[in-house]
Structures are given as C-alpha cells and as structure tokens.
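Start with the packing of the nonpolar side chains, then turn to the aromatic rings and the charges placed over them.

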Amino acid sequence: MRSRSKYHSRKTTVDGIEFDSKKEANRYRELVLLERAGLIQNLQRQVKFVLIPAQYEILERYSEKTGKKLKDKKVTIEQECSYIADFTYHKDGKYIIEDVKGYKKGGAYAVFTIKRKLMLLNGYKITEV
C-alpha cells in the first residue's frame with residue numbers, strides 16, 4: 001500500500017525515484033521527454049537554495065581546573081532557512097525553477113508563499129505547475 005500525505009497525494013515511484021505525488025511524477029516524465037527531445041537541458045530535481053544561512057554564536061570556554069582559555073565553541077542559534085525546488089532546468093538560455101503544487105491552501109502553502117517571495121528577492125522566480 002502506498003502512503004498518502006495529509007493532502008491525500010500518493011507517493012509514486014518512477015525510474016526508481018520516489019515522488020511526493022502522482023502530479024509531480026507525471027511532471028517528471030514530461031520533463032524527461034522534453035530533455036530527450038532537446039527542448040530543455042540540465043534537468044535536476046530537489047535542488048536546494050539557502051534563503052537565510054544558519055546563525056551562530058561563538059562561546060568562549062575556559063578550563064575549570066586551570067582557568068586557561070579553551071577552543072571556542074560554535075553554537076547554532078538559528079537553523080538555515082532553505083527552499084528545495086522540485087525541478088530546475090535550462091530552456092532557451094533561461095534558468096527555470098519549478099514547484100509542482102496540488103493543494104494551495106493551509107500552512108504548508110503559506111510557508112511556500114514566503115519562501116517564493118524570498119527566492120524572488122534573491123533574483124529567482126519560481127514557476128508553479
């Protein structure tokens with residue numbers, strides 16, 4: 001039995017690759033055909049873009065016994081914020097970033113909307129399919 005997400009999408013496997021939904025798997029099939037036909041180039045999936053890097057704090061440490069300074073410790077105070085594109089490719093000399101969307105409501109889509117805006121701020125436009 002295939003698993004379902006909370007939005008009732010079914011995980012689907014194509015060419016040994018597991019996709020989050022049938023819609024995403026079908027889009028992959030289309031893009032593979034377009035690449036084979038030479039209409040797009042350099043098809044990639046699950047490409048990560050760091051929107052906001054992790055934030056760190058350096059803690060000075062001293063030995064309790066000797067009082068001598070030890071190596072500083074780097075502590076993460078905020079994790080990085082990143083966006084993972086479903087697909088990226090080149091078409092007619094342009095870099096295309098695609099995100100396959102089915103359900104466009106709720107918290108997950110609200111988070112995506114913020115990330116889409118941050119991507120645009122960094123010069124990358126996301127095409128929703």
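In this predicted model, the largest nonpolar core has 12 residues: Val 14, Phe 19, Ala 25, Tyr 28, Leu 31, Val 32, Ile 40, Leu 43, Phe 87, Tyr 89, Ile 96 and Val 100. At least two residues of this core come from each of helix H1 (22-36) and strand S6 (81-91). H1 gives the largest share, four residues.

Ile 40 is a member of this core. Apart from neighbours within four places in sequence, Ile 40 has contacts with Leu 31, Leu 34, Glu 35, Tyr 89, His 90 and Lys 91.

Next come the aromatic rings. The structure has seven aromatic pairs. One of them joins Tyr 83 and Phe 112, with 6.3 Å from centre to centre and 50° between the planes. Tyr 83 belongs to strand S6 and Phe 112 to helix H2 (residues 106-121), so the pair links distant parts of the chain, 29 residues apart. Tyr 83 and Phe 112 are both buried. They also belong to a cluster linked by ring pairs, together with Phe 49, Tyr 95, Tyr 109 and Tyr 124.

Where do charges sit over rings? The charged end of Lys 101 is placed over the ring of Phe 112, at 4.3 Å from its centre. Lys 74 lies over the face of Tyr 56, 4.2 Å from the ring centre.

Conventions: Residues are numbered from 1 along each chain as its sequence is written. This is a predicted model: local features need pLDDT of at least 70, side-chain atom pairs count only at pLDDT 80 or more; totals for chains, interfaces and linings use all residues. Side-chain values use heavy atoms; hydrogens and water are left out. A nonpolar core is a set of buried Ala, Val, Leu, Ile, Met, Phe, Trp, Tyr and Cys residues joined through side-chain atoms within 4.5 Å. Buried means under 20% relative accessible area, exposed over 50%, partly exposed in between (1.4 Å probe, protein chains only). Contact means heavy atoms within 4.5 Å. Rings of Phe, Tyr and Trp (its six-membered ring) pair if their centres lie within 6.5 Å; planes under 30 degrees apart count as stacked, over 60 as edge-to-face and the rest as tilted. A charge sits over a ring if NZ of Lys or CZ of Arg is within 6 Å of the ring centre and within 35 degrees of the ring normal.
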